[in-house]
Amino acid sequence: MKVKVKVPSSLDDITVGQHQAIQKLLENDNLKGKELDNEILKIVLGFDNIDAISVKDRNRLFVDVQEALQKEGEFKQKFVLNGIEFGLIPNFDKLTNGEYTDLIKYSEYVDDLHRFLAVAYRPVKLKDRFKNYTIVNYEGTKFNADRLKELPMSIANGVQGFFLNLSNDLENYILMSTQTEQARE
């Protein structure tokens, strides 16, 4: 029996939901070695009958999946998912307390990655000819979190890198500002 499966070649081919499922498997101390590898393949390939694949093909598939998981993400300010255009919060100076609190809360665990993304990215409401845009007001993550489990991990990793760099820059600025203030005293 011949079966065709789509083998991921980059993080564009692995969804947030698949990534979360893989991370949950990695936390399971009962799964190790080939058994763990087979479960990861089942998730990424969407094919349950891994035992029917030749050892050579299975090993090659697993190497391809590992290589895809190691690739870097790409920051995107806007993207289209299932026909809906999403945009990153366009102005962090106008971040609401709810947005800020939830960004911090949902950035901690992989299980909450889709919720973090639902805070950071929301459907675009209006665009102008200068590529400025507004997004729908924040009303929690219930409307888009599950939908964002289908987002490619390349975008999710890209925005996580963006927030990590932003956080590091702010931390450095605060440190320098504090040192300057102490030097004046």
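Is Phe86 buried or exposed, and what is its relative accessibility? At 0% relative accessibility, Phe86 counts as buried, where buried means under 20% relative accessible area, exposed over 50% and partly exposed in between, with a 1.4 Å probe and protein chains only.

The model shown is predicted, so that local features need pLDDT of at least 70 and side-chain atom pairs count only at pLDDT 80 or more, whereas totals for chains, interfaces and linings use all residues. Residues are numbered from 1 along each chain as its sequence is written, and side-chain values use heavy atoms, with hydrogens and water left out.

**View 1. The aromatic pair of Phe79 and Phe86 is stacked.** Rings of Phe, Tyr and Trp (its six-membered ring) pair if their centres lie within 6.5 Å, planes under 30 degrees apart counting as stacked, over 60 as edge-to-face and the rest as tilted. The count by this rule is two aromatic pairs. The ring centres of Phe79 and Phe86 are 5.4 Å apart and their planes lie at 15°, so this pair is stacked. Phe79 is buried, with a relative accessible area of 6%.

**View 2. Phe79 and Tyr121 form an edge-to-face pair.** Their rings are 4.8 Å apart centre to centre, with 70° between the planes. Because Phe79 lies in strand β1 (residues 78-81) and Tyr121 in strand β3 (residues 121-127), the pair ties together parts that are 42 residues apart in sequence; strands here are DSSP runs (E, at least two residues) and helices likewise (H or I, at least four), numbered from the N terminus. Tyr121 is buried, at 0% relative accessibility.

**View 3. Helix α1 comprises residues 16-27.** Buried residues in α1 are Val16, Gln18, His19, Gln20, Ile22 and Leu25.

Notes
The expected span of a helix is 1.5 Å times one less than its number of residues.
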